[in-house]
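This report walks a new reader through some features of one structure. Please keep the sequence and the 3D view at hand while reading.

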Amino acid sequence: MLKLNINGSEHTVDVDPSTPLLWVLRDHLDLTGTKYGCGIAQCGACTIHLDGVATRCCVLPVSAAEGKAITTIEGLSADGSHPVQRAWVELDTPQCGYCQPGMIMAAAALLADNASPSDADINQRITNICRCGTFPRVREGIHRAAELATNAMTDSAAEEVTS
Amino acid sequence: MTQRSQQQIDISRRNFVIGSTAGGAGLALGMSLPLGALAANTKAQATEVNVWVVIGTDDTVTVRVARSEMGQGTLTGLVQMVAEELECDWDKVSWEFPTPGESLRRDRAWGSFSTGGSRGIRESHQYVREGGAVARTLLIGAAAQRWSVPVDECTAKAGVITHNPSGKTLRFAAVAEAAAQLPVPKTVTLKDPADWEIIGKPMPRLDTADKVTGKLRYGADLKMPGMLYAAAHACPVHGGKRQSFDASKAEKMPGVRAVLPVGDDAVAVVADSWWQANQALKQVKVDWETGDSGKVDSAAITAMLKEGLDAKDAYVGHERGDASSAIAGSDEVLSAEYSYPLQSHAPMEPMNATVIWTSKRCEAWAPTQNGEAALEALADAVGMLPEQCEVHKTLLGGGFGRRGFQDWLAQAGRIAKQMPGTPIKLMWSREEDQRQGRYHPITRSRLTASFAKDGQPDAVHMRISGQSILAALRAPLGEERIDPVVFQSVAPEGDHAFIYGIEHFLADHAMRNPHLRPGFWRGVNINQNVFYFESFMDEMARHAGADPLDYRRRLLRDSSPKALAVLEDVASRAGWGRQLASNSGLGLAVCKAFGSYVAACAEVSIDDGQLNMKKIWAATDCGYAVNPQQIEAQVAGSFVFGLSAALYGEMTVKDGAVQETNFDTYPSMRLAAMPEVETKVMASGGFWGGVGEPTIAVAAPAVLNAVYAATGVRIRELPLKDQSLV
């Protein structure tokens, strides 16, 4: 039995500890937002946050995730309100959408580390494969999400001052 | 003054079925599958006004969409067209897929389900708009009846019918049931394009919200009570058969429920999780019978195709004048040879399907580009009548043509039949997906030209040697065995007509079919034909010492003003002719494909032998543009697909099998390599061209012509990764 902390909840799973986390999420816990694309950490469709770090979980043994905070696309926000998700909707970024949970998780991790990434930062950090070719709107979406996040911080700061 | 072009359409020839209540279709197993509005419709009472339009008591409007959605945005575009004619409230619109089984029962009321060839909009715009117009007419008729007023005193707008003299109003929902009982009007009037308020607007997609939260369930994500998971492995040499297999080791592995033979060419493992199934599959030892195909390698295929370049016999796809004589009689001839490799579709979601089989019925949930073909394939695979089967479409995690083939669904059916009563979700590993592709056909081409005194070409012979998709599909090719698809973009007429006014032109095809299965691959044969011809056009211009833009201009002025217009536009925006650094260049390409006229101008620089694609200016004239923001997304996306192919895409063959089985050896473009794309939608009106595919063909030749301009290096073989730019 392994204990996993996923999206803030404790889960106990009875699996071979060498099973990649991806398949525990998908087949055992029915958290299917995290996708299988290649199985060799090339495409990034399986990107989750492990203690806040963008991680391709198709090659991560579930045992290595024990004791760490796992965040999947389902847990990024309760209602799709994370700035990256809002920017993605605003710009209609997804096409087929299959790679987008991984793309969004990679983008959210980038913004958590760097509130205002440059194009060069985005080039370096966003290496997920998208066969539909959504890259222009992914890039634009990250810049827009940075803006939304900054505006939200400014708003809440203003609220604190006035209240 | 805009010309009015309202159309009177005879509706009686169509078979609209009226009056049944929608909702519940596709929920045979009682589980909640988030497929469009299906779930929502089961909550609110809903009335089917006609086959296209379902109206809920809560004023929601559900539009039925028969074509598949794989990211290309057709779903939203088709709903826009129905909604435009229906005059409903766009904010209350959602969608659902009718099933192919329902289509069978209702005499194909929704027309074709086939989603490929950029035809989603261009081949159904008429009848889906008519569908919306019929529903509107019925709703207005019901309201007029309720008020006992003449129909022509009433109009509809934003889901509300108004009796204009009195100002009385009724919502669509209030008259939907009555409307469904009325006789179908014999004719309807479609709106003048000048009056469109939903068509032509950059409406947000209807399928985005669940794609950013992970809620959307693709085929690969379905889960049903009691479901087991399957992984399969078919003979890596296409056409080979399974001789025998040893399951002893796999059967003992954890979670494994069964190790099964599938058809005559595959084995599958069924297990409690997909990971367990796929791990066990690797331990199944299979002996394959591969015959001569098992000895084929890439060099043998190249030799086979090279022989075709000189073959006496070839199918003539386009002949005007007498190119052979003109070239033979000329003392100034230019000739060049090009090649284009096998490539895999590699959609991000690997092939998968979920099937439940009982002795009486078989049902599947499948990400397919063609619901009707899927139903037939499933029925055939399990030995039932289509009437005993059903296919529920999911949204697709990419398709690009691969999911127009239903082999993976047939395989899932054969597995499920061996596990009666148990839902089986078959998913291929990326490796299996690559091995069992329906690859972009492999071809070579030799282009030969002779010139008039002014340096313009007076004759061009384009010999194509290589695979025919239609031949591989055993499609009837007629007495002369010509595959017309081979000649896309160099065809004598139609959606893929050759655009240039060259006096003597001959395009012929030496059909050479290696054993690897070819398929329709986003863009299909325009990918190589436009690369071949637009590269050679550049070579001819350089040979003549002419400017490549001016050279094309003279050949297009009379023969294709629309092609010239998109070309002039990209050249102008790119600043064609401006001074560039010595390591930089601009390149052009233009063509007609899938009914649209498209052009690109690329700017590149070569830095330390490395290609840097800075920007591509694109223009597309698709006649009517239904959703400009989605067209822009398709153009940029098609460049990623086309440039991935040009830069890296190659399936090589050894011992009859492909070698590139994952993204480490079959790379795809990533964000950092993506050039800036500036797209102009130049919708000139009057025709309906495709948008998902045409622009893919101009990306690579524009970039490669720019590479030549920058370096003097002419790339004639793809992919670029195998070539030196120094």
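Which residues does B:A600 touch, not counting residues up to four places away in sequence? In this predicted model, B:A600 touches B:V570, B:A589, B:I616, B:W617, B:A618, B:T695, B:V698, B:A699 and B:A702.

In general, nonpolar side chains tend to be buried together in soluble globular proteins.

The two chains meet where 47 residues of chain B are in contact with 48 residues of chain A. On the chain B side, the elements that give two or more residues are helix 7 (274–281) and helix 17 (628–647), and helix 17 of chain B gives the most, with eight residues. By type, the residues on this side of chain B divide into 25 nonpolar, 13 polar and nine charged. Because 17 of its 20 residues are buried, helix 17 of chain B is largely enclosed by the rest of the structure. At 1.5 Å a residue, helix 17 of chain B should span 28 Å, and its end C-alpha atoms are 28 Å apart, which agrees.

Another contact joins helix 4 (residues 125–147) and helix 5 (residues 172–181) of chain B, whose axes come within 8 Å and cross at roughly 95°. Helix 4 of chain B is therefore roughly perpendicular to helix 5 of chain B. Among the residues making this contact are B:L138, B:L139 and B:R146 of helix 4 of chain B, together with B:F172 and B:V175 of helix 5 of chain B. The residues of the contact divide into nine nonpolar, two polar and one charged.

The backbone also deserves a look. Most residues other than glycine have a negative phi, and most peptide bonds are trans. The table lists two residues other than glycine with a positive phi.

| Residue | Phi | C-beta neighbours inside 10 Å |
|---|---|---|
| B:E87 | near 65° | 23, buried |
| B:F594 | near 50° | 26, buried |

B:E87 is found in the loop between helix 2 (74–86) and strand 5 (93–96) of chain B, while B:F594 is found in the loop between strand 24 (584–593) and strand 25 (596–607) of chain B. A cis peptide bond, with omega about 5°, joins B:L718 and B:P719, and B:P719 lies in the segment after helix 18 of chain B.

How values were computed
Residues numbered from 1 in each chain as written. Chains lettered and ligands numbered in written order. Predicted model: local features only at pLDDT ≥ 70, side-chain atom pairs only at ≥ 80, totals over all residues. Contact = placed C-beta atoms within 7 Å. Helix = DSSP H or I, 4+ residues; strand = E, 2+ residues; numbered from the N terminus. Nonpolar A, V, L, I, M, F, W, Y, C, P; charged D, E, K, R; others polar. Expected span 1.5 Å × (residues − 1). Buried ≥ 20, exposed ≤ 12 C-beta atoms within 10 Å, placed from the backbone. Axes fitted to C-alpha atoms, helices over the stretch in contact; angles between N-to-C directions. Parallel < 35°, antiparallel > 145°, perpendicular 65-115°, else oblique.
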